[in-house]
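Please keep the sequence and the structure in view while reading.

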Amino acid sequence: MSEFDDIKPGWVGLLAGRRPETCQLQMEAVLESQSDSRGGCLPFKALGSDGRVYWIKMLENGQSPRVPVTEQIVSQCSSLIDAPVCETSLISIPADFDGDVLDNGTVIRGGVAHASLDLGNCSFDKWYEPQHRLRDDNRRRHVGYFAMFDWCWGNDMQWLYDLTDDWKTYSHDHGHFLPDSPDWTTASLEKSVHIAHEIGTDGENLDDNELQRVIRRLDQVSRDELAQILSRIPVGWPVTDSELETVGWFLEVRSTDVATRLRQLASRSLQSNEGPRENQEPGQ
């Protein structure tokens, strides 16, 4: 028994019988298997049945079978507050591809995988916070990242900047979010639920109107919205209903806590912003 069991009754059994076995989107062809330094999961680029291009992470990857689970949860929850994340989906890899070996040594396995929409012409970066804040509408977009980092217990920050859209910021690769990831547990969620996990920078030049909007949205996040996201996780993936229900409880409790911390950030930001100035690039 956990010390939190008596305050999670609304979540217990909420996902029973709701999780799917498969999905509509199908993988039609592998387009690129080149590996690089962006991550140990070795995602590969593929064409989907909707005609769009995705980066795919399978359950069998170089890090943990929990990674696709966490990727789905974080990206979908971040979309609730309009945080700057890449569009994601579930994708079914047909049995015809099972056993195919890619150039980088990855062995394709049939079944449902995680898919992240390819942005095309973009720049990749890993840094302690998103850059180019005064380009595009990044003053607004970065607010969502400050919120999602605390709410979903961020780690291993990785950025994509759309070079065709004035360095528009996207966060991607969230497999190491949630406490003690990639192999998070109900215990790691429970012990961290009330602990602040802010990004650790001052939030200079963040858009105040967007801060206020995200604060209101976090205060309004409902159990039903979270349950709908968690019920998308395929029943065949290596996570139980009970574990996902604990994730839902964790996010429900933290949403109001994070809203409170964002109010404090908004107050500090108003006091410190003397005028807009461009963020320095790494190494400057």
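Strands here, like helices, are DSSP runs numbered from the N terminus (H or I over at least four residues for helices, E over at least two for strands), and two strands count as paired if DSSP finds at least two bridges between them. The model is a predicted one, in which local features need pLDDT of at least 70 and side-chain atom pairs count only at pLDDT 80 or more, while totals for chains, interfaces and linings use all residues. Residues are numbered from 1 along each chain as its sequence is written, and side-chain values use heavy atoms, with hydrogens and water left out.

The open sheet to which these strands belong has three strands in the order β6-β7-β8, with antiparallel pairing. Its edge strands are β6 (122-125) and β8 (168-171), each of which pairs on one side only, and the twist averages 25 degrees from one strand to the next. Helix α2 (residues 138-151) packs on this sheet, touching β7 and β8, and its direction makes about 15 degrees with that of β8. Contact means heavy atoms within 4.5 Å, and angles run from 0 to 180 degrees between N-to-C directions, with axes fitted as lines to C-alpha atoms, for helices over the stretch in contact.

## The five-stranded sheet

A further open sheet consists of five strands in the order β1-β2-β3-β5-β4, again with antiparallel pairing. Because β1 (27-32) and β4 (88-93) stand at the edges with a single partner strand each, one side of each is left without a neighbour in the sheet. Neighbouring strands are turned against each other by 45 degrees on average, direction ignored. Helix α1 packs on this sheet, where α1 touches β3 (53-57), β4 and β5 (111-117), and its direction makes about 145 degrees with that of β4.

Four bridges join β1 to the antiparallel strand β2 (residues 44-48), and Glu32 stands opposite Lys45 in β2.

## Two helices in contact

The axes of α1 (residues 66-80) and α5 (residues 223-230) come within 10 Å and cross at roughly 145 degrees. In this contact, Ile73, Gln76, Cys77 and Leu80 of α1 meet Glu225, Leu226, Ile229 and Leu230 of α5. These residues divide into six nonpolar, one polar and one charged, where Ala, Val, Leu, Ile, Met, Phe, Trp, Tyr, Cys and Pro count as nonpolar, Asp, Glu, Lys and Arg as charged, and the others, Gly among them, as polar.

## Salt bridges

Side chains of opposite charge can pair when their charged atoms come close. With a salt bridge taken as a side-chain nitrogen of Lys or Arg within 4 Å of a carboxyl oxygen of Asp or Glu, the count comes to 20. Lys45 forms one with Glu32, their closest N and O atoms being 3.3 Å apart, and this pair links strand β2 with strand β1 across 13 residues. Lys45 is buried, at a relative accessible area of 17%, whereas Glu32 is partly exposed at 27%; buried means under 20%, exposed over 50%, and partly exposed in between (1.4 Å probe, protein chains only).

The side chains of Arg217 and Glu225 also meet in a salt bridge, at 2.5 Å from N to O. Arg217 is buried, with a relative accessible area of 18%, and Glu225 is partly exposed, with 22%. Elsewhere, Asp82, Asp137, Arg140, Glu210 and Arg213 are linked in a network of salt bridges.
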